[in-house]
Amino acid sequence: SGQEKEKTAYHESGHTILAWQLPGAHRVHKVTIVPRGRSLGSTQTLPSEDRMSISEPELRDHLAVLLAGRASEKLIYDETTVGAENDLERASGIARRMVMNWGMSERLGPVSYKISEEDPFLGREIHQQRHFSEHTMEVIDEEVARILREQSERAMEILDKQRDKLAALAQKLLEKEELDEHDIE
């Protein structure tokens with residue numbers, strides 16, 4: 001419907017604006033509101049170079065970009081849609097690895113809480129070996145949630161200051177349905 005298409009345009013515009021501006025984000029190659037599969041639209045980004053490592057500030061930029069679609073919906077419509085499901089899954093996975101695998105939590109310090117993956121059978125997540133307490137798992141959950149909240153709020157602040165660009169990009173997406181780098185610029 002027209003309203004669903006407009007919400008998708010704002011969602012994808014949110015991703016695009018943050019990816020375009022944050023130094024740690026990948027550059028935007030193309031953005032579309034043409035539905036494909038279960039996706040109502042997509043913002044396609046490409047790294048500017050091949051890399052083997054990524055810094056914590058760059059990871060935070062990636063999280064802000066992933067959460068910007070949802071932030072845009074909240075900013076414009078004061079509600080969110082199920083369209084952010086994949087974005088949330090990806091962002092949660094990155095934030096969890098930041099805390100558990102890469103020691104990027106001040107509260108927990110430079111410790112790896114990686115869960116052992118020694119069981120090769122299906123359903124292994126039920127049997128995964130954990131070498132830390134239930135309390136530590138709760139702290140990990142709190143830290144993951146904190147990181148995601150901070151980046152969601154950051155995305156919301158950036159988009160709120162640039163509502164005019166957000167609206168202009170969403171309008172252009174509604175007109176053309178697909179924009180490349182040149183169009184976005």
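Predicted model: local features only at pLDDT ≥ 70, side-chain atom pairs only at ≥ 80, totals over all residues.

Residues are numbered from 1 along each chain as its sequence is written, and side-chain values use heavy atoms, with hydrogens and water left out.

**Overall build**

- The protein chain holds 7 helices and 3 strands. Helices (H or I, at least four residues) and strands (E, at least two) are DSSP runs, numbered from the N terminus.
- Read from the N terminus, the order of elements is α-β-β-α-α-α-α-α-β-α.
- Of the 185 residues in the protein chain, 39% are buried. Buried means under 20% relative accessible area, exposed over 50%, and partly exposed in between (1.4 Å probe, protein chains only).
- Among contacts with a separation of 6 or more, 70% join residues 24 or more positions apart. Contact means heavy atoms within 4.5 Å.

- The 3 strands form an open, antiparallel sheet in the order E2-E1-E3. Two strands pair if DSSP finds at least two bridges between them.
- Strand E2 (42-46) and strand E3 (178-180) are at the edges with a single partner strand each, so one side of each has no neighbour in the sheet.
- From one strand to the next, the twist averages 20 degrees. Axes are lines fitted to C-alpha atoms, for helices over the stretch in contact, and angles run from 0 to 180 degrees between N-to-C directions.
- Strand E1 (residues 27-32) pairs with E2 over 5 bridges, in the antiparallel sense. Thr32 has Ser42 in E2 as its bridge partner.
- Helix H1 (residues 2-21) packs on the sheet and touches E1 and E2; its direction makes about 165 degrees with that of E1.
- Helix H6 (residues 163-176) also packs on the sheet. H6 touches E1 and E3, and its direction makes about 115 degrees with that of E3.

**Helix H3 and Ile94**

- H3 has 16 residues and spans 22 Å from first C-alpha to last, close to the 22 Å expected at 1.5 Å a residue. The expected span is 1.5 Å times one less than the number of residues.
- Buried residues of H3 include Asp87, Ala91, Ile94 and Met98. The buried residues of H3 pack against H1, helix H2 (56-77) and helix H5 (134-161).
- Ile94 lies in helix H3 (residues 85-100). Ile94 counts as buried because its relative accessibility is 15%.
- Leaving out residues up to four places away in sequence, Ile94 touches Leu59, Leu63, Leu66 and Trp102.
- Ile94 and Leu63 are 31 residues apart along the chain, yet their C-alpha atoms are separated by 7.6 Å.

**Nonpolar cores**

- In the largest nonpolar core, of 25 residues, Leu18, Leu22 and Leu159 touch the most other members. A nonpolar core is a set of buried Ala, Val, Leu, Ile, Met, Phe, Trp, Tyr and Cys residues joined through side-chain atoms within 4.5 Å.
- H1, E1, H2, H5 and H6 each give two or more residues to this core. H2 gives the most, with 6 residues.
- A second, separate core of 20 residues includes Met98, Phe132, Ile140 and Ile147.
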